[in-house]
Amino acid sequence: MPRSMPTPTDSRRHTVSELLGLLRSEVESNWANIWVVGEISNLARPASGHLYFSLTDEDGRLKSVMFRGFARQMGFEPADGLQVLARGTITLYAPRGDLQLSVQFMEPLGDGSLRLRFEQLKARLAAEGLFDDDRKRPLPPFPHRVGLVTSPTGAAVQDVLKVLRRRAPGVEVVIAPCRVQGAEAAGEIAAAVELLGRQGTVDVVVVTRGGGSLEDLQPFNEELTARAVAGCPVPVISAVGHETDVTICDFAADHRAPTP
């Protein structure tokens with residue numbers, strides 16, 4: 001006799017939307033805050049400000065989205081073909097049953113990633129007019145008080161103090177201590193510049209540290225640092241690195257000088 005087809009119980013019967021809702025809950029609860037390496041492709045930038053793209057490698061493609069609020073926080077401009085590291089949550093878009101990565105953070109990978117961020121930020125701030133010559137202010141010919149934004153334990157501060165004692169022994173120095181390397185350094189540098197400017201007790205501010213790699217100098221290539229330097233109410237000298245080192249801070253400052 002022919003076998004009859006099994007009849008599902010009510011507890012096993014789902015509409016499509018119900019099933020997709022269950023799958024979405026399962027996926028998003030188990031695949032949150034994950035890191036993915038891939039190459040950007042099919043990047044789209046609608047007027048909404050959201051970014052739609054795919055992350056690909058040799059054997060796979062993952063649809064991805066980065067919503068406007070997170071996209072505004074990126075320190076670089078994404079582009080097709082760029083290798084990136086992304087952090088986000090796997091989501092299921094129920095109306096189509098599509099899996100996608102909802103990205104909250106993304107950074108470029110590989111050699112030249114910091115250089116890419118440098119060039120993109122430099123171009124964006126320059127287009128805004130932040131580096132224009134008509135914004136540069138003359139330095140005071142005979143400053144009485146100099147503010148130093150630097151690490152109080154670094155070699156650069158000793159070099160600057162030594163030169164000042166030799167060339168201008170009567171100048172008073174006010175040190176606003178901060179870290180000059182590492183993830184927290186840009187915020188501390190910006191805060192120190194803003195503090196000296198707000199106090200209004202110095203004639204010029206010198207932002208300084210010794211030379212180093214592009215990674216070492218990254219705090220001086222951050223937008224936060226550049227805006228603090230450009231917005232300081234007293235003239236700012238950028239004395240970051242050696243003659244061959246160039247930072248965003250140099251362009252934002254009123255004057256650039258290599259470390260002694």
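**Notes on the model**

1. Let me begin with one arginine: Arg 145 is partly exposed, at a relative accessible area of 24%. Here buried means under 20% relative accessible area, exposed over 50%, and partly exposed in between, using a 1.4 Å probe and protein chains only. The side chain of Arg 145 meets that of Glu 172 in a salt bridge, with 3.1 Å from N to O. Glu 172 belongs to strand β7 (residues 172–177) and Arg 145 to strand β6 (residues 145–150), so this pair ties together parts that are 27 residues apart in sequence. Glu 172 is likewise partly exposed, with 41% relative accessibility.

2. A word on how to read these values. This is a predicted model, in which local features need pLDDT of at least 70 and side-chain atom pairs count only at pLDDT 80 or more, while totals for chains, interfaces and linings use all residues. Residues are numbered from 1 along each chain as its sequence is written, and side-chain values use heavy atoms, with hydrogens and water left out.

3. How many salt bridges are there by this rule? The count comes to twelve, where a salt bridge is a side-chain nitrogen of Lys or Arg within 4 Å of a carboxyl oxygen of Asp or Glu. As background, side chains of opposite charge can pair when their charged atoms come close. Helices and strands in these notes are DSSP runs numbered from the N terminus (helices H or I, at least four residues; strands E, at least two).

4. One of the salt bridges sits within a helix. Glu 119 and Arg 115 meet through their side chains at 3.9 Å, N to O. Both residues lie in helix α3 (residues 113–128), four residues apart, about one turn of the helix. Glu 119 is partly exposed at 39% relative accessible area, and Arg 115 is partly exposed at 39%.

5. Helix α6 (residues 223–230) holds another pair, Glu 223 and Arg 227, four residues apart, about one turn of the helix. Their closest N and O atoms are 2.9 Å apart, giving a salt bridge. Glu 223 counts as partly exposed at 26% relative accessibility, and Arg 227 counts as partly exposed at 33%. Salt bridges with shared partners join Arg 124, Glu 128, Glu 223 and Arg 227 into one network.

6. Please look at Val 229 too, which is also found in helix α6. Val 229 is buried, with a relative accessible area of 1%. Between Val 229 and Phe 251 there are 22 residues of separation in sequence and 9.6 Å in space, C-alpha to C-alpha.

7. On the cysteines: how many disulfides does a search of the whole structure find? The search finds zero, a disulfide being a pair of cysteine sulfur atoms within 2.5 Å. Cys 232 has its closest cysteine sulfur in Cys 249, at 11 Å, which is too far for a bond. For Cys 249, the closest cysteine sulfur is in Cys 178, at 10 Å, again too far for a bond. Cys 232 is buried at 5% relative accessibility, and Cys 249 is buried at 0%.

8. Two surface patches deserve a look. Patches are made of residues with over 30% relative accessible area and no salt bridge; like charges are joined within 9 Å, and nonpolar side chains (Val, Leu, Ile, Met, Phe, Trp, Tyr) within 5 Å. Lys 162, Arg 165, Arg 166 and Arg 167 form a positive patch. Of these, Arg 165 is found in helix α4 (residues 155–167) and counts as exposed at 54% relative accessibility. Leu 19, Leu 22 and Leu 23 make a nonpolar patch of about 250 Å². Leu 19 has its place in helix α1 (residues 16–30) and is partly exposed at 41%.

9. Lastly, the backbone at two asparagines. Asn 33 has phi near 55 degrees, a positive value in a residue other than glycine. Asn 33 is in the loop between α1 and β1 (34–44) and is partly exposed at 48% relative accessibility. Asn 42 also has a positive phi, near 55 degrees. Asn 42 is found in strand β1 and is exposed, with a relative accessible area of 54%.

Methods. Areas by Shrake-Rupley, 256 points an atom, 1.4 Å probe, with all protein chains shown as cover. Lys, Arg positive; Asp, Glu negative; His and termini not counted. Charge placed at Lys NZ, Arg CZ, Asp CG, Glu CD.
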